[in-house]
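Reader: I am new to protein structures. Could you take me closely through one part, the strands and sheets, and explain each term as it comes up?

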Amino acid sequence: ALSLYSHFNNVYLEDYDIETIKRFVNQISITLRNTKLFAEIEREKSFSNNLLENSPFGIQVVNSLGEIVFINPAGQKISRFDKHDLANYNYFSNKSALDAEYDQALNQALDGDIVYREDAKFIYEKTNEEQIVNIVFNPVRGIDGIIDNVLVMYYDNSEKYNFINKLAEKDKIITEDLFMAKQIQTNILSKDYKKIQSLGFSIHFEPMMEVGGDIYDIFEVKKNYIRIFLADATGHGVQAALTTMILKSEYDKIKNFEVSPEIVIKIFNQNFIQNYINLTVFFTCIVIDIDLEKNKVFYSSAGHPIQYLIGSSTGLKSLKAGGMMVGIEDSIEYKVKEIDFNQGDKLLLFTDGLFEEFNEELEELGETRLEEIVCKYTELSIDELVNSVVRDAEDWRGTSKVNDDITVIGVEKL
């Protein structure tokens, strides 16, 4: 028995009364638990409904007969369905669904596979309008493990698909234009040097992109007198390539003048500033005249890096000329220097892209290392010399990307 104490009287409960109270308390506990469970279920149901109703993705439930048994608002909007459409739509008989092979995807899902279709084309029979959708078919298993329904989720990808296609079309046009520009730039590069019998040439021309800002010209001014012009416009790509077209046009007007290299650059600079000062374009260049009768080289530079002469008996010599870049001031005076150029001697000319290369540790090759590389190959033929120097520069760069246009011109007196 249980004794309860009150302010007035003692109350004694028999075992039967205690069991009754226990059952009552237990029923209350069960009721409370069921109430909480019901509330949880209602909250989960409310959450699921909100998710379905407000999802930006179209959601359908399709039964094994191909009928749509549920569709959310986004699905109706994307699929352009009204009540009549829903009542008559069937994945196994609708022409648009069959053309899009949705029937096959549905059958695969009913067999237990998850099927994803990217950029699937769907044409509405009513309007003949094409839509691009990304769609997935997910099998839904019942408690017994049998697949009776398929959850279909999808979204309209037409805008992105069309945008990407337009970009691809524009990219195709740009690529074709760049290819044409590359051909034009390649064609304007000098080829007459191949006819010169007394000199051997080896040329490596490597724009950073399809087109670049390096340009060269090799021209026989008169018998046994050869002029080499090498220029490097600031910038890269199309802008720099367009600049080279201007350089070529202006240089062609004066390249056959029988004057010394510093005068050629001075006239070039004045003409360029006079005609193109509004472009704010600058470039380095070097003009080298080879006098085969006098066995001399005369050269003048406008901000171009140090070049090299490899004497067959004197070894490596640096060709330093200095000078300000073309396009900055029209009153600049340039200097000319001369050096002997005998049989077996070699010239190595290049733009700064050859040594302004960085390895994986972001270390620049630099002019000092480049000179060390050149010193290793001074005894080689001109072709082997150019190829070896370029190869070592590439080895230094490793997997790093090319940072600039690269032009190397090797000349050997035969």
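**Strands, sheets and their surroundings**

Author: N295 counts as partly exposed because its relative accessibility is 27%. Here buried means under 20% relative accessible area, exposed means over 50%, and partly exposed lies in between, with a 1.4 Å probe and protein chains only. The model is predicted: local features need pLDDT of at least 70, side-chain atom pairs count only at pLDDT 80 or more, and totals for chains, interfaces and linings use all residues. Residues are numbered from 1 along each chain as its sequence is written, and side-chain values use heavy atoms, with hydrogens and water left out.

N295 sits in the loop between β11 (283-291) and β12 (296-302). Helices (H or I, at least four residues) and strands (E, at least two) are DSSP runs, numbered from the N terminus. N295 is not a glycine, yet its phi is positive, at about 55°.

Now the whole chain. The protein chain holds ten helices and 17 strands. Of its 414 residues, 42% are buried. Take the contacts between residues at least 6 apart in sequence: 62% of them join residues at least 24 apart. Contact means heavy atoms within 4.5 Å.

Five strands form an open sheet in the order β4-β3-β7-β6-β5, and the pairing is antiparallel. Two strands pair if DSSP finds at least two bridges between them. At the edges stand β4 and β5 (115-123), and each pairs on one side only. From one strand to the next, the twist averages 30°. For angles, axes are lines fitted to C-alpha atoms, for helices over the stretch in contact, and the values run from 0 to 180 degrees between N-to-C directions.

Look at β3, residues 58-63. This strand is mostly covered, with five of its six residues buried. On one side, β3 pairs with β7 in the antiparallel sense over six bridges. Q60 stands opposite V152 in β7. V62 has V150 as its bridge partner in β7.

β3 also pairs with β4 (residues 68-71). Three bridges join these antiparallel strands.

Side chains come next. In a regular strand they alternate between the two faces of the sheet.

Follow β7 (residues 147-156) to Y155, which lies in this strand. Y155 counts as partly exposed because its relative accessibility is 30%. Together with F57 and Y116, Y155 makes a nonpolar surface patch of about 300 Å².

Helix α5 (residues 102-110) lies across β3, β5, β6 (130-141) and β7, and runs at about 155° to β5. Helix α6 (residues 158-188) lies across β5, β6 and β7, and runs at about 130° to β6.

D119 is not a glycine either, yet it has a positive phi of about 55°. D119 counts as partly exposed because its relative accessibility is 29%.

The loop between β5 and β6 holds E129. At 32% relative accessibility, E129 counts as partly exposed. Leave aside its neighbours within four places in sequence, and E129 is in contact with R80, F122, I123 and Y124.

Another sheet has five strands too. It is open, with antiparallel pairing in the order β8-β17-β16-β13-β14. The edges are β8 (199-206) and β14 (315-319); each has a single partner strand, so one side of each is left without a neighbour in the sheet. The twist here averages 15° from one strand to the next.

Inside this sheet, β13 (residues 307-311) and β16 (residues 346-350) pair in the antiparallel sense over three bridges. Y308 has L348 as its bridge partner in β16. Helix α10 (residues 382-397) lies across β8, β13, β16 and β17 (406-413), at about 20° to β8.

Methods: Patches are made of residues with over 30% relative accessible area and no salt bridge: like charges are joined within 9 Å, nonpolar side chains (Val, Leu, Ile, Met, Phe, Trp, Tyr) within 5 Å. Accessible areas come from the Shrake-Rupley method with a 1.4 Å probe; for residues, only the protein chains shown count as cover. A salt bridge is a side-chain nitrogen of Lys or Arg within 4 Å of a carboxyl oxygen of Asp or Glu.
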